[in-house]
Amino acid sequence: MNKSIAVIGGGASGITSALELANSGFRVYLIEREAAIGGQAASFCCKATDICTKCSVCLIPEKLNEVAVHPKISVLTDSTVAGLSGKAGDFEVEVLRKPQYIALERCVACGMCAGVCPTEPKASRSPSPDAVPYCYVIDETRCLRLRGEKCNLCQGTCPTNAIDFDREPERKELSVSAIIVATGFEVFNAREIGSLGYGRYPNILTGLDLERIFKDQGSLKLPSNGKEARRIAFIQCVGSRNEGHGYCSQVCCKYAMRFARLIKYQNPDTQVTIFYIDLQTAGKGFAEFYDECRGVIRFIRGVPVEILETSGELEVRFENISEGKVERETFDLVTLSVGITPRKDSWSLARVLGINLGDHGFFDTKEPFNSIETNVEGIFLAGTCQGPKDIPDSIAHGVAAAEGAMGVLEKCK
Amino acid sequence: MGIFLCDCGGSLKNIDFPKISGDLEKLEDVAFIDISHSLCLEEGEKAITSRILSENINRVVIAACSAELREHKFVRLLEELRFNPSLLSLANIREQCSWTCEGDVTEKATELIRMAIGKARLLQPVERKNVPVNREVLVLGGGFAGMKSALELSRLGIRTTIVERKSTLGGKLKEVEGFYGLETSLKQMLDSMITAIEKDNNIEVLTSAEVTRVRGEVGDFDITIGGGRREFSLSFGAIIFATGYRTEILPQDFELKPGGNIISQLDLVEMLRAPEKLKRRPETIGFVLDVCDENSRLPTLSSLNNVLAVREKLGSEVYVFCKNLKVDSEGAEELYREARNRGVVFLKFDEPPQIYREDGRVTIKAKDVLLGEEVVLLCDLLVAEERALPPEGTKGLSSMLNIGTDSQGFYQDENVHLYPAASARKGVLFVGGCRGNLDLGRALTDIASAVMGSYSLLALGEAVVEVEKVRVDPEKCRACLTCIRACPHGAIQLLRVNTEKEVAQISDLACDGCGVCAAVCPAKAINFEGYSDEQILAEVETIGG
Amino acid sequence: MSMGTDNKIIAFCCEKSAYLAADRAGRMRLYYPDNVRIIRVPCAGRVDALHMLRAFEKGAAGVLVMGCQEGACQHLTGNLRAKERVRYTASLLEEVGMDGARVKMVNLGPDMAQKFVRVVKDMAEKIKER
């Protein structure tokens, strides 16, 4: 029995599990589908006004760097799990890795490859500023060489000889004692509710869009014309607590209030309204923040049924529950607070690993009140792939999964 | 001193490296200046290695990309070469210079390197050492969270002592019958946990006992425990607080006093244990939530469990008055839907309801926002909301240990870096109700975090420390206590050195390297190696030319 | 463009927030004035009035002390101590006839590259108005 553990997924909970185990002396293989670790949270923004609002996004960069440099953690990016055999204490995990045309161990992110790349947009893509590992990546769909044409410019320019187009996909067999599944979530696709107009009108955004906008630009402007928004609405429970998603996503009320408060802080003249069903305000330190919000944000208990664009403005038709009637109000920007949904590819990983999906489509646990064990001994769950959680809860869950995995190792001794 | 400049594969074209090399060569204490294309790769490592092994240098300056990316790598290399990594000084000439500058980038880079050189001259070696730590953990509180923490630590080979104020273990498990959805009754869970603990050689239990004094630091807490007439001291490596929470129906939130047909959730649970003993079955039961504390999950979660139990065991009509149902816990929405399916009626208010006794029943009057009308309910029994409060003794213990509490009075400062279970003091952790987590799912992950937290600190029986990286000079120390009060990590203690003198002493293991002590010391008696006043000023003064 | 000492800005940057934000600004290739010199500190709470004043003594035209958001300091109150010391230093500057606004406390998260650039640019503008 070896002392290695495989963690599938390098988001908030995956990197936490990896660090807990590595710091306890075990070897960890962190298998990440994308070219960089960090998951969803790495793309989120700090939501502080003049004080911290506890969004916990700042916990991620430090952890990512710790993982990247930890001697006991092998990060396998561009990798997926293709097969599994064996049992607890003695698993063989088959990992498929996309060809690393730019070798991570050699790339210093100097950017010279992108400098000579002839395509537009560039096939040699610069990493996002938050990417860990911070390395350039060749986009197969744009690269001339990979599409069969003659081009060797980047390979010739790279000062560290990091580029090699002859690299093939790799198949690796990892021998591990336990596995932690930390594959994360997808946000609800707001296009599924056509009446809310997402994708049709430019000034309708989701919570995820706001994360990206604040992270990249630092403030919110109307997508349609770049001006300041004067009247903003947030709509809660989009894709949660409804038919098909009979659960509360736990994060949306909080992120909506944090964004609303941040927007008011940056633009005190903007009117912000939050449409809600049941406001989720529990949690350490949130009560005071909620009190502050009440002073500056309009809260309307209501469920918008339709959003239409009329003369450049967004008309929201909603049922005002407190007043008991259907009303209309216009806004210039609407944010749909989309919820956490299971990844659509969970079923395929479930099949490979032999674990079950639960009623809502998240990975299932063996029994209630045991949120880390699956039906397969030695395979554990961490983070939002098991159910909606915010960042601190995902991190805590990652620790719990690590503890569970250690139990396997202890048992096998 | 040896200086290594990296031009990042030759890509930092706006920096004239030969010019910088020429400028710096003039410095007396510079042994060599190497320009490399990739200090972070094998070739760079070879270059550094060969220089360090062949040259007689005692300081290293590296000008390259961000410390964030590469510092660890250089540190590790130097350690392998037996060169003390505290003698390394870094300059960021890429992310903080070449990539963001438009003017004379070379001049800026030169100055940044000079700053690093100025600091390097003053760096002193810091040794690393293994210090022994006590592998035992003190668990304060013998309720569910405390017992579970002890059992999980035992599984990982760590010994614990549970100190419980009452005469028996169990905490709230003794009071509550069950959670809806859990097959085992809580009584069975309690019994099996107690049996497991009794059998477990790794767990010691002290009941009717309390902590009266805490001294020392992580790895070596000296704890005085009192119980009855005994008092004795034990040593522990870490402390886990599992002291639970109290519930109260606060009189000021209700004009009426609880009693008779206004009961608490716990009273209801007690009633449901033996429904056949009731003199008269209540026909209509009303629940009121979100009046004492509209931001707590506890009333929602207890109510959702209890309404289902009521429907099952008593069959009474149930009405729940609430402002916002807190369903942001696993399984909560499902319980809510099931409750509605079983005929429980949920009414939502914006304004708190009026509640008064009338003709032997209780009247609840509220404007239901769903109907848009005022609703008047006469019920036989009103289950009033309970407010969760920090456990007794929290104020005392938190000041005894110098650990923070949150705005509600529960343990643990509201600082995301501490979540889930840590305190600013290394080795002190919190789980469950006492830190405000009142739902079982989150309490369980708290426990795992505290268990793993203590395990990784203590499992090896020793910890690596940087010896006297932050050090109080006993000659200069006036024992004014400023640093002790300022240290956010409780890492400084007063030590008696002889019959006349007491000085502050910093625990290497508990220190988190913030330097606040060095900044507040009025006598400038604290030296923070790597960020001492002289070293920071050396960087500052470089701009003067 | 040769720079004299009289328009340098010293930015004491906490390694958990501002230093990372500055790195991020670099990765995003956001340009900001060349006259900024970043000094890395473990916590804004390490920075003393002594350090800030010495910067001015040596010819700096502006000083920024940059730490984590209030409430998010890993050392709980390090950034609050820094804020107080900056206030104190500003009052000392005023006493000797200098503009107290030349020393400023800034709070940001590790991803706030734009804020980093904005405050640096603002300070650079401010020190031009002599």
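Two strands are taken as paired if DSSP finds at least two bridges between them, and helices (H or I, at least four residues) and strands (E, at least two) are DSSP runs numbered from the N terminus. With these terms, chain A shows an open sheet of five strands in the order 3-2-1-9-19, with parallel pairing. This is a predicted model, in which local features need pLDDT of at least 70 and side-chain atom pairs count only at pLDDT 80 or more, whereas totals for chains, interfaces and linings use all residues. Residues are numbered from 1 along each chain as its sequence is written, while chains are lettered from A and ligands numbered from 1 in the order in which they are written.

- Strand 1 (residues 4-8) and strand 9 (residues 178-181) of chain A run parallel and are joined by four bridges, with A:Ile8 standing opposite A:Val181 of strand 9.
- Helix 1 (residues 12-23) of chain A lies across strand 1, strand 2 (27-31), strand 3 and strand 9 of chain A, and runs at about 165 degrees to strand 2; contact here is counted between two residues if their C-beta atoms, placed from the backbone, lie within 7 Å.

**Domains of chain A**

- Domain 1 (4-98 + 169-184 + 343-412) and domain 2 (188-339) are given by the domain assignment of chain A, the bounds coming from an automatic or database domain assignment.
- The C-alpha centres of domain 1 and domain 2 of chain A lie 31 Å apart, and the contact takes 12 residues from domain 1 and 19 residues from domain 2.
- On the side of domain 1 of chain A that touches domain 2 of chain A there are four nonpolar, four polar and four charged residues, with Ala, Val, Leu, Ile, Met, Phe, Trp, Tyr, Cys and Pro counted as nonpolar, Asp, Glu, Lys and Arg as charged, and the others, Gly among them, as polar.

**Contact between chains A and B**

- Chain A contributes 52 residues and chain B 54 residues to their contact.
- On the side of chain A that touches chain B, the elements giving two or more residues are helix 1, helix 2 (59-69), helix 7 (286-296) and helix 9 (391-412) of chain A, and helix 9 gives the most, with 11 residues.
- The residues of the side of chain A that touches chain B divide into 23 nonpolar, 17 polar and 12 charged.

**Chain B**

- The secondary structure of chain B comes to 15 helices and 28 strands, and its C-alpha atoms fill a box of roughly 100 × 60 × 40 Å along the principal axes.
- Chain B has a radius of gyration of 31 Å, but a compact globule of 545 residues would have one near 24 Å; the radius is taken over C-alpha atoms, and the globule rule is 2.2 Å times the number of residues to the power 0.38.
- Of the 545 residues of chain B, 51% are buried, a residue being buried if 20 or more other C-beta atoms lie within 10 Å of its own, exposed if 12 or fewer, and partly exposed in between, with C-beta atoms placed from the backbone.
- Strand 6 (residues 137-140) of chain B is covered on both faces, with B:Val137 and B:Val139 buried on one side and B:Leu138 and B:Leu140 buried on the other.
- Four bridges join strand 6 to strand 7 (residues 160-163) of chain B, the two running parallel, and B:Val139 stands opposite B:Ile162 of strand 7.

- Chain C has four helices and four strands, which follow the pattern β-α-β-α-β-α-β-α along the sequence.
- The radius of gyration of chain C, 14 Å, agrees with the value near 14 Å for a compact globule of 130 residues, and 65% of the 130 residues are buried.
- The contact between chains B and C takes 40 residues from chain B and 43 residues from chain C, and the largest share of the side of chain B that touches chain C, six residues, comes from helix 15 of chain B.

Note on methods: Axes fitted to C-alpha atoms, helices over the stretch in contact; angles between N-to-C directions.
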